[in-house]
Amino acid sequence: MFDAYGTLYDVHSVAARCESCFPGKGAQLSQLWRAKQLEYTWQRSLMQRYAPFSTVTREALAYSCEALGLELSVAQMEGLMSEYLSLAVYPDVRATLEKLKSKRAILSNGSPDMLQPLVSHSGLRFDAVISVDELKIFKPAPQVYELAARKLNTEKSRIAFVSSNCWDALGAKSYGFTVYWINRAKAPVDRLGFKPDAVLTSLNEVLL
């Protein structure tokens, strides 16, 4: 089972569109947008004030532009949001998925209105695409990982979870999955009381 954003799909492939809208600020906007997007999912879960990931993403973009002093038009907002429906796939993803012999699924914070078009556009094939939207709470809440095990009708001890987001990997480990953390940035492990079963530098290492 795979996380989607940041693991299979490069969220920072939006940076080029950000740069075309706001020359000289593209990378900075992309970074802040992603950071606020994640922060809002955690805050909304704690507040028990769920909103779909598309709403969270839109609100994070609006905040980020205001924080950076960028005037965001309606057309720019819609153009940037549309980028999330066609994010670039990381170079190691297609070949890795083609070689996997086991069933494969996505477990994502993404709401169906964002996730389904993205998966369809990429052409990647999965046995299941599972969204937190069914539960109205975001990862790393344990009930999200429980939902995945239930949907797949599989014991949690038999599920290998792959994520490039350390907080997500450790949330899955806390629940009881075998966890592979794709640490492309070579960052330290978060101090949350758990460690991944394996730390990899690229997705294709899950095949080893």
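How many helices and strands are there in the protein? There are eight helices and seven strands, with helices (H or I, at least four residues) and strands (E, at least two) taken as DSSP runs and numbered from the N terminus. The model is a predicted one, so local features need pLDDT of at least 70 and side-chain atom pairs count only at pLDDT 80 or more, while totals for chains, interfaces and linings use all residues. Numbering starts from 1 along each chain as its sequence is written, and side-chain values use heavy atoms, with hydrogens and water left out.

Overall dimensions come next. For 208 residues, a compact globule would have a radius of gyration near 17 Å, and the protein agrees at 17 Å; the value is taken over C-alpha atoms, and the globule rule is 2.2 Å times the number of residues to the power 0.38. Along the principal axes, the C-alpha atoms fill a box of roughly 50 × 40 × 30 Å. Of the 208 residues, 50% count as buried, where buried means under 20% relative accessible area, exposed over 50%, and partly exposed in between (1.4 Å probe, protein chains only). The accessible surface comes to about 10,400 Å², of which 51% belongs to carbon and sulfur atoms (Shrake-Rupley method, 1.4 Å probe; for residues, only the protein chains shown count as cover). Among contacts (heavy atoms within 4.5 Å) with a separation of 6 or more, 58% link residues 24 or more positions apart.

Now for the strands, which count as paired if DSSP finds at least two bridges between them. S5 (residues 160-163) and S6 (residues 178-182) run parallel and are joined by four bridges, with Ala160 opposite Thr178. S6 also runs parallel to S7 (residues 198-200), through three bridges, and here Tyr180 stands opposite Ala198. Helix H8 (residues 166-175) sits in a right-handed β-α-β unit with S5 and S6; right-handed here means that, with the strands pointing away from the viewer, the path from the first strand over the helix to the second runs clockwise.

H8 is largely enclosed by the rest of the structure, because eight of its ten residues are buried. Among them are Cys166, Trp167, Leu170 and Tyr175. The cover over these buried residues includes helix H2 (26-47), helix H7 (142-152), S5 and S6.

The largest nonpolar core has 67 residues, and Tyr5, Tyr9, Trp33, Phe126 and Phe177 have the most contacts inside it. Such a core is a set of buried Ala, Val, Leu, Ile, Met, Phe, Trp, Tyr and Cys residues joined through side-chain atoms within 4.5 Å. Leaving aside neighbours within four places in sequence, Tyr9 touches residues including Leu87, Tyr90, Ile106 and Phe126. Phe53, in helix H3 (residues 53-67), is buried at a relative accessible area of 1%. Beyond four places in sequence, its contacts include Tyr5, Arg34, Met114 and Phe138.

Between strand S4 (128-131) and H7 lies Pro140, joined to Lys139 by a cis peptide bond with omega of about 10 degrees. Lys136 is in the loop between S4 and H7 too; its phi is positive, near 65 degrees, and at 45% relative accessibility it counts as partly exposed. Asn153, between H7 and S5, has a positive phi near 55 degrees and is exposed at 71% relative accessibility.
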